[in-house]
Every structure is written in structure tokens, then in C-alpha cells.
Amino acid sequence: MKIAIPKERRAHEARVAASPETVRKFVGLGAEVVVESGAGAGAKYADAAFTEAGAVIAADAAAALADADVILKVQGPLLAGEQADAEDEVGLMKQGAVLIAQMLPLQHRAVVEACAERGVTVIAMELMPRITRAQSMDVLSSQANLAGYKAVLDATAEFGRAMPMMMTAAGTLAPARVFVLGVGVAGLQAIATARRLGAIVAATDVRAETEEQVKSLGAKFVKPDIKESGEGGGGYAKEMSAEYLQAQAELVHQTLTRQDIAICTALIPGRTAPTLITEEMVHDMKPGSVIVDLAVEQGGNCAVSKAGEVVDCNGVRVIGHHNYPSRIAVDASALYAKNVFNFLSPHIDKDSKALVLDWEDKTVSGTLLCRDGRIVHPLLTGERTCNG
């Protein structure tokens with residue numbers, strides 16, 4: 001079995017889908033591993049590190065992907081013309097190859113269709129079901145953890161004050177106040193990081209179940225006085241009623257006027273990110289305040305955020321960096337590589353050393369986009385699953 005790890009060619013991507021550690025493990029399972037030269041540069045993995053782990057270095061994508069049975073990527077492949085000077089990566093894959101990546105199929109449906117037409121089997125790692133057995137394969141959680149951490153560090157870099165309370169001979173500095181909107185994995189890590197830096201932290205989420213988690217980290221939970229749960233399938237949030245959203249908006253507006261930093265992390269799978277901070281709310285924040293919008297690439301939680309920019313709005317700095325996990329690429333790559341290995345290794349036959357996917361395994365059926373030339377996932381076919 002030949003496993004290929006090509007360079008990531010999508011914009012703003014510095015991660016790589018394998019580490020020297022996981023390459024060594026794949027080689028130990030009997031696989032031939034080919035890494036495109038320079039694939040690990042953004043994650044500080046030199047070609048020599050992959051060679052020492054047992055990989056072969058290929059000069060370019062064509063050489064790496066030629067006859068590859070399994071292709072590991074962080075993001076989905078490019079089609080010709082999709083980016084400036086982009087070559088058709090799908091066209092370099094052989095029929096019957098298995099592609100494992102974060103595909104974002106709703107945003108990149110044309111890529112999925114091209115893979116199906118090519119006869120490539122596609123596994124979308126971001127669709128990994130949230131079941132206990134799959135926790136070690138959950139790329140969204142591993143990457144969101146780092147994003148939440150990095151978001152707080154970026155906020156402090158833009159913030160013109162210290163985070164903790166400081167008592168000095170010249171006087172006492174008050175601690176910064178941080179407000180986290182959305183208490184998923186990224187939000188919880190943002191709370192923990194801000195607390196470690198000495199800030200006073202508050203958080204809100206439509207899922208009442210998160211209140212205990214917020215309080216366990218030493219933060220205050222802020223919620224409207226309306227009994228409605230936002231708990232959706234798989235631990236994600238669902239869309240709320242108009243009445244709840246109005247009450248939440250008023251509460252967020254009131255809370256923001258007292259904050260120094262806001263970290264926005266709210267996402268609804270398959271939908272545009274909800275707008276939680278309006279332009280009016282930004283104008284009512286204190287000059288010098290900072291907003292970090294982790295949802296900016298899915299439409300944004302803040303009305304004035306712009307993807308790839310730091311916007312100054314009435315003295316408030318609104319950060320909308322691209323691809324937060326890639327901003328901490330060394331650790332993000334190491335964790336992603338482990339997620340992929342944990343998913344793939346149980347399906348490598350010990351005798352034949354070949355990949356034998358168990359189509360009934362929920363980690364496979366839940367992530368499978370294409371098989372035998374057809375798009376099969378309900379997310380794209382429109383079919384309803386048993387849990388809706």
C-alpha cells in the first residue's frame with residue numbers, strides 16, 4: 001500500500017497531514033510512504049525528518065500521487081483554475097485511490113463531484129461522528145482547541161493593556177474582562193487560556209448544558225431568562241427561536257459594553273455562522289477593545305469582521321484572520337496527523353498490508369463522501385439520516 005502526503009496548496013494553509021511520528025508508524029504497519037518535498041515546511045518538518053522516519057521524498061505532486069493508494073491531506077485538493085496557478089490535483093489521483101482530508105463539501109462541491117467522476121473514494125475527516133470511540137479521530141476538536149488558545153493570544157497582542165491584575169508601587173492595574181461567545185471546544189479553550197492569563201471571563205452559549213463547563217473553568221455564564229435549549233445533534237448547537245435570539249442579542253449588547261475582549265466561536269454545521277455582534281454593538285464597546293472572530297470564514301459572528309483583515313471600527317480592533325489552526329501549524333499538524341492515523345490504522349490488514357475499509361463502521365460510513373463513482377453522503381444527496 002502506497003500512502004502519499006502532498007503539499008497543501010490552498011491559500012493560508014501551513015499544516016501537513018502527516019508527521020514523522022505517524023509516517024514511522026505507517027511504515028511499521030507495512031506501508032510505503034511518499035512525501036512531496038517541502039510538504040512539512042510550514043510545520044517545521046524537514047524532508048530529512050520524513051526520510052529518517054522511513055518515507056521517500058518525491059519532487060512534486062505528480063510524483064507523490066502517482067499510483068498512490070491512499071492520499072492524506074489537511075484540506076481538499078484543488079481543481080485547475082480554482083486558485084492562481086493551481087493545477088488539477090484530482091486529475092493526478094488514480095481511479096480507486098482513497099483520499100482522506102477535510103473536504104468542506106458544501107463549500108467545495110465541485111471538488112467532491114470531480115473526485116466522484118475520477119473514481120476516488122473520499123473520506124471527509126470533519127464529518128467524523130461524535131461518538132466515544134471516535135474521540136481520538138476528531139479533527140474538529142483537536143484543531144478547535146488550538147484555535148481557541150491562539151485567538152486569546154492574538155487578542156492580547158492587539159490589546160493595549162495587561163491581562164491580569166497587577167499591584168505595583170505606582171498603583172494597581174485592573175484585570176482585563178474577556179467575553180467568549182460560543183462554548184464549544186474552541187470557546188472552552190479560550191476561557192481556560194484567558195483565565196490562565198489572569199482575566200475575568202464571562203461566556204454565553206445557546207446550549208444551557210454548557211453552563212456547568214463554563215463555571216468549572218472559573219468563568220461566569222451569561223444567559224437570557226428564557227427556557228429554550230439550543231442543543232443540536234452530535235453536541236452542536238441548533239438554530240434558536242426569534243424570541244430567544246432577540247433576548248440573547250440584548251444581553252450580548254449589554255455585556256459587551258463592559259468587556260475589553262470578545263472571542264467569537266459560534267458555528268452551526270452546514271449553515272452560515274450566526275451574527276452575534278452587530279455594528280451597533282461594536283460602536284458601543286470601549287475604545288481599545290478587541291474582538292476575535294473565529295467564524296469569519298463561515299460568514300462571521302461579528303458584522304464588521306472581514307476575512308484575512310484586522311479592522312478598526314470606532315477604536316475597536318476586530319480580528320478576522322484566516323485559518324486559525326494553521327496559525328499554530330506545528331502543533332496543529334501533529335494533532336491532525338494523529339487523528340488521521342487513529343482513523344486509518346484499524347483498517348490496515350495485518351497480513352496483506354492493504355487498506356480494507358469497513359463500510360459498516362460508523363467512523364467510515366459517517367465520513368464517506370464518494371464511493372464507486374457516486375456521491376453517497378446524505379449531506380450532499382439530500383437524504384435524511386435516522387437522526388435527522
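Biologist: What pLDDT does the protein chain average?
Modeller: The average is 93, and 95% of the residues score at least 70; pLDDT is the predictor's confidence in each residue, from 0 to 100. Over residues 384-388 the pLDDT is below 50, and beyond near neighbours in sequence that stretch has 1 contact in the model (contact means heavy atoms within 4.5 Å). Where pLDDT is low, the predicted coordinates should not be read in detail.

Biologist: Thanks. How many residues are in the largest nonpolar core?
Modeller: It has 36 residues, and F26, L72, I100, M125 and F343 have the most contacts inside it. A nonpolar core is a set of buried Ala, Val, Leu, Ile, Met, Phe, Trp, Tyr and Cys residues joined through side-chain atoms within 4.5 Å. Buried means under 20% relative accessible area, exposed over 50%, and partly exposed in between (1.4 Å probe, protein chains only).

Biologist: Which element gives the largest share of this core?
Modeller: That is α10, with 5 residues. Elements giving two or more residues include β1 (2-5), α1 (20-28) and β4 (70-75). Helices (H or I, at least four residues) and strands (E, at least two) are DSSP runs, numbered from the N terminus. There is also a second, separate core of 28 residues, which includes F159, V183, A190 and F221.

Biologist: And what does M125 touch?
Modeller: Not counting residues up to four places away in sequence, M125 touches I100, A101, Q102, M137, V139, Y336, N339, V340 and F343.

Biologist: New topic: how far apart are the end C-alpha atoms of helix α8?
Modeller: They are 21 Å apart, which agrees with the span of 21 Å that its 15 residues (242-256) should have at 1.5 Å a residue. The expected span is 1.5 Å times one less than the number of residues. Among the buried residues of α8 are Y244, A247, Q248 and L251, and what covers its buried residues includes β9 (177-181), β12 (261-264) and α9 (279-283).

Biologist: How many disulfides does the structure hold?
Modeller: It holds 0, where a disulfide is a pair of cysteine sulfur atoms within 2.5 Å. The sulfur of C264 is 6.1 Å from the closest cysteine sulfur, in C302, so it is too far for a bond. For C313, the nearest cysteine sulfur is that of C302, 7.5 Å away.

Biologist: Is C264 buried or exposed?
Modeller: C264 is buried, because its relative accessibility is 0%.

Biologist: Where is D372, and what is its phi?
Modeller: D372 is in the loop between β16 (368-371) and β17 (374-375). Its phi is positive, about 55 degrees, although D372 is not a glycine. D372 is exposed, with a relative accessible area of 64%.

Biologist: What about N323?
Modeller: N323 also has a positive phi, near 45 degrees, in the loop between β15 (316-319) and α10 (329-344). At 8% relative accessibility, N323 counts as buried.

Biologist: Last one: where does M103 lie?
Modeller: M103 lies in the loop between β5 (98-102) and α4 (109-118), and is buried at 1% relative accessible area. The C-alpha atoms of M103 and Q75 are separated by 5.9 Å, although these residues are 28 apart along the chain.

Key:
Residues are numbered from 1 along each chain as its sequence is written. This is a predicted model: local features need pLDDT of at least 70, side-chain atom pairs count only at pLDDT 80 or more; totals for chains, interfaces and linings use all residues. Side-chain values use heavy atoms; hydrogens and water are left out.
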